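Trainee: I have a model open and want to learn how to read it. Where do I start?

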Amino acid sequence: MAGEPSGTATPVSGSGSRALRNTLLVLVARIASRLVALFTVIAMGNHLGDGGFGRMQTVVTLSALVSTVADLGFYTLYVREGARRTDQLERYLNNVMSLKVFLLAAAFAVLFGTLHITGLSDLLLPAFAVMFLAGYSTLLRGTLYALQRLGFEAIDIVLESLVLLGVTLAGVATHQGVAFFLWAYAASYGFSCVYFGVVLRVLGIARLRWRFELDVIRPWFFAGLPLAVTYMVTTVYFKVDVPILQHYRPYAEVGWYTLAYKPFEALLFVPLTMRTVIFPLMSVYYRSAPDRLALSSEKFFKGLVLIGLPCGVGLFVLAAPINSLLHLYPESEAALRILAIGIPFMFVDNTFIAALNAMDRQVLYAWVALTALVVNVGLNLVLIPRYGYLGASWSTSACEALLATMGWVFLARLARPVPVWRASWRILAAGVGMGLALVPFRNAHGWATVAAIAVGAAVYAVLLIAFRAFDAEERALGRRALSGAGSPAR
């Protein structure tokens, strides 16, 4: 339970290299799945048209907002406390799964009212199926993150995306409407639920059954309230622009914005995956080896800058050719370029989310998230009526910068500042050099865009080496992770 001694959680030699190895494993799987998912979403968008796609994305967004009612911070508590007390993992899992039944019942009522008010009640059942199955799928896979046993997670990531692709292509071939594609998402999440249930049972990690113990639920409820607020606030923060845009502009404009948002969202999985892997380890460090927490925060920040900066720079310079290559709507190009500015901030913010929550400072981060939400809603209400989907794009990028800045300030106030300049100046120099190398390719077409991306990646890699972006410890850690040295990955 929250606040108890960790008991079984003790840092071991090689835990850093194992975490890096697990991160690389899941990232490779996520990259493969996101490429499949991006192709899948583009196929949906082109099949449904901007109006139909805008309608579908409005339902998906509203469902995601309502899903906060069915979590209340229990997922994050489960992963954190499960990592600290692995001997209680099955007990924790079954209690949270049982509680989730009641939370989902409440969420259904809220979803019904929300879709009725917005005139989308005909999509209630598939929308609730997506919310229900996605919630349980996330909770079950959290068990493997708590245990750092991610080989099976990597397999599911790819299989789930292939299930969605297969059902989507069948829907396109048979000229299906919006409801069918929502059921396609539900089918992919349903597959994951069955898969993880079998894996946990076969590996002897947990048997899924009804278990509702107030001595577990009650203290978790109060400990989880700040996490619940943070989860609700961050979800609203990421999703509120779509209902505001839909209120002021037609569904077609929602379609332009949400399809431009898909590459941005596709990149979001990278820091989220890294954070999901690192967070349980940081939680253990806070209790058992506080000196390692500061170092792991710095290395995590540096890793996020390393990946996020070239993604943002590359997408900004090559927005036009990438928009054309991916067959997005022509109107999506301008939004794509604006959103690219926020990508590096979106990456590094995850450092502060992970560190503050690992330090049991969820109340503090809840205030950070709430402040960002207020600013985001305010900016959207000001910019969207006048500038439409481009205003929503600017609001997103500006608020990502605000979140990262506030997270750094609060972590510094806790005497655990991340040395931003020392950790990133060499990477920043390499990113600027890469951007200059990409400028001649800003009007590329077709597969020449792929060549431009390859050139940019090569230039970035060479400049990282030339600027000596990695110290001896980081190089050694990378070699151990790639060679499988240290504590074996489970």
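Trainee: Among contacts in the protein chain between residues at least 6 apart in sequence, what percentage join residues at least 24 apart?

Mentor: First, the ground rules. This is a predicted model, where local features need pLDDT of at least 70, side-chain atom pairs count only at pLDDT 80 or more, and totals for chains, interfaces and linings use all residues. Residues are numbered from 1 along each chain as its sequence is written, and side-chain values use heavy atoms, leaving out hydrogens and water. A contact means heavy atoms within 4.5 Å. Here the figure is 85%.

Trainee: How many helices and strands does the protein chain have?

Mentor: Both are DSSP runs, numbered from the N terminus: helices are H or I with at least four residues, strands E with at least two. This chain has 17 helices and 0 strands.

Trainee: Which residues touch the most other members of the largest nonpolar core?

Mentor: In soluble globular proteins, nonpolar side chains tend to be buried together. A nonpolar core is a set of buried Ala, Val, Leu, Ile, Met, Phe, Trp, Tyr and Cys residues joined through side-chain atoms within 4.5 Å. Buried means under 20% relative accessible area, exposed over 50%, partly exposed in between (1.4 Å probe, protein chains only). The largest core has 135 residues, and Met56, Tyr78, Leu93, Leu111, Trp220 and Met282 touch the most other members. Helix H9 (residues 251-288) gives the most to this core, 16 residues.

Trainee: Is Cys399 buried or exposed?

Mentor: Cys399 is buried, because its relative accessibility is 0%. Cys311, at 22%, counts as partly exposed.

Trainee: How many disulfides are there?

Mentor: A disulfide is a pair of cysteine sulfur atoms within 2.5 Å. The count here is 0.
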